[in-house]
Amino acid sequence: MVSAVLHLRGTQLCEQPVHDRHGNVLLWNGEVFGGASIPIYESDTKYVSHRLASVDDDSVSAEVAATLVVDALSMIQGPFAFAWLHVSTNTLFYGRDGLGRRSLVVHTPDDAKRSCFLLASVALNSQRDGWEEVACTGVFSLDLNMLGALPRLHPWPVRVVSVASPRCLPPLPPSVVALGTSFDADPFCDHADMMLAAKGLLQVLSAAVAKRVESIPTQEHADSARVGVLFSGGLDSVVLAALCHLHVLPTEPIDLLAICFDKDHNSPDRRAATASWTELKHLFPTRQWHFVAIDIASHQVDTHQPHMLVVEPPTSDLSSSEPPAVVEPLALFESTSGFCPVRTCRPARRPHPGCALHSHLCRPCCTKIHKLAMALKHTSTHPQQIVSAIATLESMGISGDKLQRLLAFIPLDQPRGCRPVTSLKALPSPSDDDTVTLGESYTSPAKVLLVGIGADEQVAGYGRHKHAYVTGGWDGLRAELDKDMRRIWQRNLGRDDRMIADHGREARFPYLDEDVVAYLRSLPLDHVPEAPGSLKLFHSLKDEYSDLVTQDIADEVMFETLKQGLQTVPRVDDVKQPTKSPDVMKLLRDNIQALLFEATTDDEMDKVVAVMTDMHVRAGDVVIQQNDHGDKFYVLEHGSCEFLVNDVHVGDVEAAGHFGELALIYDAFEVVKFEPDEVIVKQGAMGDAFYIVSAGTVLLGEGEYFGETSLLNDQPRNCTVRAVGSVKCLRLHRSDFDSMLGPLYAILEMNAFKRILRMFDIFKALVDEEMEHLTTHFEIVEFGCDTVIFTTGDVAEYFYIVRTGSVSLHPGADGSSSVGVDPVTLNVKDYFGAEVFQGTTYHSTVRTSDEITSCFRLSKTFVNQDLASGRNCCLRPESQKAIHVNPLSLLDLSDLVHIGVLGEGSFGRVSMVQAFVDAQEYLLALKCVSKSHVLECHQQEHIMRERSILKDLPYHPFIVQLHATYQDQNYLYMLMELVQGGELFGLLHTNIFDRPLVEEDIKFFAANVYLALEHMHKRDIAYRDLKPENLLFSENGYLKVVDMGFAKKIPFSITDEHGRVEVHARSYTLCGTQEYLAPEFVLNTGHDLAVDYWAFGILIYEMFLGYTPFETPDGDIAKLFKNIAFVRTGANCVQFPHESTVDYPVACSFIEGLLHGDPTKRLGMGQNGSHEIRNHPWFEGLDWDKLRDQELSVPYLPQLNGRYDTSLFEGDQGIRSSDMDYDGAENYLFDGF
């Protein structure tokens, strides 16, 4: 077994043959583009070898091994041919992917000559006789123990996209008669469905191109092309080149290889290619397009013919290897009166048109059945969960043959616990050099060529397709297209793969990507054909692409994000910002605080200043250009700048000055235009907006403003403003201002409260978050004229601040002034009733004046009992401040007795352990993590951060508690609270609960989660991994948040090598679960605590409906990311079934607020912070104190069989059995654990 390797994947060349730990031998010629989470910097050859090695077992027979090999390889998406020698059974397995995109030929022994069995990518000698293409219908096995044994075929399962995959059978278009309409007639070209089909094709084809270009190693020279396109000038190759432009770095050229056999080099293909090249240069002028004209003379053909004949297809027609018959789609149920046929569907819902199971199911039932089937197919699923899943499916009407067909239909995706960490990187600026001169000698350095094979075969691009339609109608055309796909592996693919590989290049076929083939197979037939050489769907696709490339930069960033998000890339640290000296920090703080944030604290200003970046500008350069969109605010550290308006000098700014401040709020304004004499605001009308004159005249002049009182008061307009000529204004509505910054009065009031309270000793020691918590608990009370508020000697219950009107304070006992002492008049923002903080009676009498007066009031009860996370924070005695030592934190590792393994994950194992303290038994959870595995995966910072966060986080009843940490030579240990009740995921997607969840149940669970998030957010901790799997039930039915592996303090600080501290207000690491990612994750714009509120909204949505709002029926990650990202741009939003908006309108409104695309406007991120969630009408009537004290009745109580019950966990799966011992070389990385 020998191999020659073209290095295209991984940081190092993977030499072949590959020998695994069992002695098995692998030859692999392929690319894993999907079906497995392999970072683009890792070798897919090693992955395949490891995957095949996992099926090895001395007790496995050849037949069982064949089944396991088929299962292992059927999960892979991408082209491949392989040969694998299974040593224990002495069996050779070999085959090609289901579409036959990699060449593999075989020479079987001849009975007369007893020649050898030969398997190769290309015929090994000049004699073509005896060689034939290996069919792509499955995996072949050859028993090497039997002389003269014949290969056995083990077919690919139905789920594999292959040449045998069926085309959908849509009804005949109503406007077309099968044999009566001309094929050239095109009644559908402007049909909306056609444009929708083109959009879908663009998405899957763009993703297919991305997967085929992003893993190519970089060239030694940055100006060398890594990828080329076999360029005929036809629409198929032009589309590939245009999509390639989206996914290749702007500074890299793209080679367009145009081959011509015409002696005058003027064939139709060459003319088309030249014209298309010109069009590409016009569309994308910043891209360097290398047009490589390959002219082949007739004598060169004659010279190379003998060699080419070896590479040509074998002579055998392989008629006996016809693929198996078409398999019908899965149909578990018949349609029943337009409702979901599942008998447990209550209330009965309408079928979902995109049901992935083709069984007329509603979306919740379809999703639930799919997840249950996935659980049954995963080898890591706990036996009890398997029993539960089978029982649930049986209750839904799926058992016996239906269950077997379901399991055969559902593909086995990556395990639920495998959550790759992905980071997104910005692209460099494009090159200005796009000059290419014809006639130069050039050898393309591109290792990968994109080839358009598969386009014509799938969208009826050949003349024979027209003939098939004319003679046989739609049925005839369908048969011809199916025949083309069944034989494409014999006619084109093997030959082209061999030809291109013969030149040291690799051919990649985006049109034959599994997702593209499946998508095209799903389209109604009338969306596909037109006249020969004129592809109707591709013309629509071209129109869609033209729209795409003319959209704004946000969409271009979108496609870059989607492209990079499809595969895992090396993790990078959070983007670091330049270090600022103390002088610079003060300069920035003074400028911004005086200008825009007067009422903010120093701590808050540090967070604002931390995100500012430095820039260096040469003398004479323009910093901001008149009329350009403003999006930055500048503070001048050194030097000076001049201001020019219409090229006229109007002013200067020196060091320590600033400019561009309007840009900080510009995006909140909308541009509105008014015609001459049009009324902009009318006297007497209620004011609701503020205007800045951008162009034109309203008797005020450009740059002036009006309507500012509308942001401060609910007063009518005091004048009419009319446009003089055409006018353009910038308008800011109060609602937008309030949603971003909070009502202006509220901001002023909060800061006034802080200043007043800080005057009292009792509040001076409080941190800012406690002060903010206090200010939000002032209530407004109103008193009539000449009303006594309290009298001398009354028990002090409330502290007051005058809001409107005035009061008079009388020292006398009866409310009248004492002799010689005049009453004191207190006006707006004056306070009284401070005796409440000493716990005594009032020393004076307070009454209102002769006008109605309102006051802010703070109760003594709140101050004493409800402030912050601990009780009596303000007035607690010194004895309460004593530090309580957790006795479990004093346990040694040797004190713990192992009971059993609860579960295993990608980084560790969790076990139940027993310990005794003062003769009292404690059952605890011990998390064990391999040091060698942590370092191998570069997760040392994560594990240390998790330990630090849990250690410093004060106790909360809804967050799992860390008691102690340990380490030895090989492992890190975390001793934690034991939570035995199973995951919320199990409650949502299995039948462990005896009834469906109702709104009150969901509200209870959501409130549990909110209190946990609130506790973390008060300490600037972003959780970043909220999902049902990370919410466990305690034995009393309350939820606990577990797994702080992705938690992080935001803002966070980093100390550089010089000891200087940098503060970062956002993190840029992509982490979490795909369906729960916020738009700022997907777009890589930096994130903060707001991502947790987004995930909170997704969680509540899933609890209501059984699926997440932006997922797709086919599980397409690119579509998922696009759906999420478009929420940020406003092109998408969360949608609910109609019955949900009717039954749960307040809940839907709550979820919409949490799933706002703009994180600054997301519920919980406004001026009132997380109290916006606590005070939302959906939670009206909930007793938060009783909830926190766990005094409310619970909807669900886990059924545990004693204290040692571990049945709700997966147990030991052997995942961590391969962890290696650690050599201790970098043990310093774990200091302090």
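The legends below describe several close-up views of a predicted model.

View 1. Of the 1233 residues in the chain, 49% are buried. Among contacts in the chain with a separation of 6 or more, 72% are made by residues 24 or more positions apart.

**View 2. The antiparallel sheet that begins with strand S1.** Six strands, in the order S1-S2-S3-S4-S8-S9, form an open sheet whose pairing is antiparallel. At its edges lie strand S1 (18-19) and strand S9 (152-155), each of which pairs on one side only. Strands S1 and S2 run antiparallel and are joined by two bridges, and the bridge partner of histidine 19 in S2 is valine 25. The hairpin of S1 and S2 has five residues between the strands, and in this hairpin glycine 23 takes a positive phi near 90 degrees.

View 3. Strand S2 (residues 25-30) runs antiparallel to strand S3 (residues 80-86), and six bridges join the two. Leucine 26 has tryptophan 84 as its bridge partner in S3, while tryptophan 28 stands opposite phenylalanine 82 in S3. Helix H1 (residues 44-53) lies across S1, S2 and S3, and runs at about 135 degrees to S2. Five of the six residues of S2 are buried, so this strand is largely enclosed by the rest of the structure.

**View 4. The parallel sheet of strands S10 to S14.** Five strands, in the order S12-S11-S10-S13-S14, make up an open sheet with parallel pairing. Its edge strands are strand S12 (289-295) and strand S14 (506-508), each pairing on one side only. Direction ignored, neighbouring strands of this sheet are turned by 30 degrees against each other on average. Strand S11 (residues 254-260) runs parallel to S12 and is joined to S12 by seven bridges; within this pair, isoleucine 259 stands opposite isoleucine 294 in S12.

View 5. Helix H4 (residues 235-247) lies across strand S10 (227-230), S11, S12 and strand S13 (448-450), running at about 165 degrees to S10.

View 6. The largest nonpolar core has 89 residues, of which Leu984, Phe1096 and Ile1100 touch the most other members. Helix H28 (residues 1090-1105) gives the most to this core, with twelve residues. Apart from this core lies another, of 40 residues, which include Val204, Ala208, Val238 and Ile254. When residues up to four places away in sequence are not counted, leucine 984 touches Phe1005, Pro1028, Leu1031, Phe1033, Leu1039, Leu1099 and Met1103.

**View 7. Helix H26, its span and its burial.** Helix H26 (residues 999-1017) has 19 residues, which at 1.5 Å a residue should span 27 Å; its end C-alpha atoms are 26 Å apart, in agreement with that expectation. This helix is mostly covered, as 17 of the 19 residues of H26 are buried.

**View 8. Proline 954 in the loop between H24 and S36.** Proline 954 lies in the loop between helix H24 (940-952) and strand S36 (962-967). Not counting residues up to four places away in sequence, proline 954 touches His1015 and Arg1019. Although proline 954 and arginine 1019 are 65 residues apart along the chain, their C-alpha atoms are separated by 9.7 Å.

Methods. Residues numbered from 1 in each chain as written. Predicted model: local features only at pLDDT ≥ 70, side-chain atom pairs only at ≥ 80, totals over all residues. Heavy atoms only, no water. Core = buried A, V, L, I, M, F, W, Y, C linked by side-chain atoms within 4.5 Å. Buried < 20%, exposed > 50% of the residue type's maximum accessible area, 1.4 Å probe, protein only. Helix = DSSP H or I, 4+ residues; strand = E, 2+ residues; numbered from the N terminus. Contact = heavy atoms within 4.5 Å. Pairing = 2+ DSSP bridges. Axes fitted to C-alpha atoms, helices over the stretch in contact; angles between N-to-C directions. Expected span 1.5 Å × (residues − 1).
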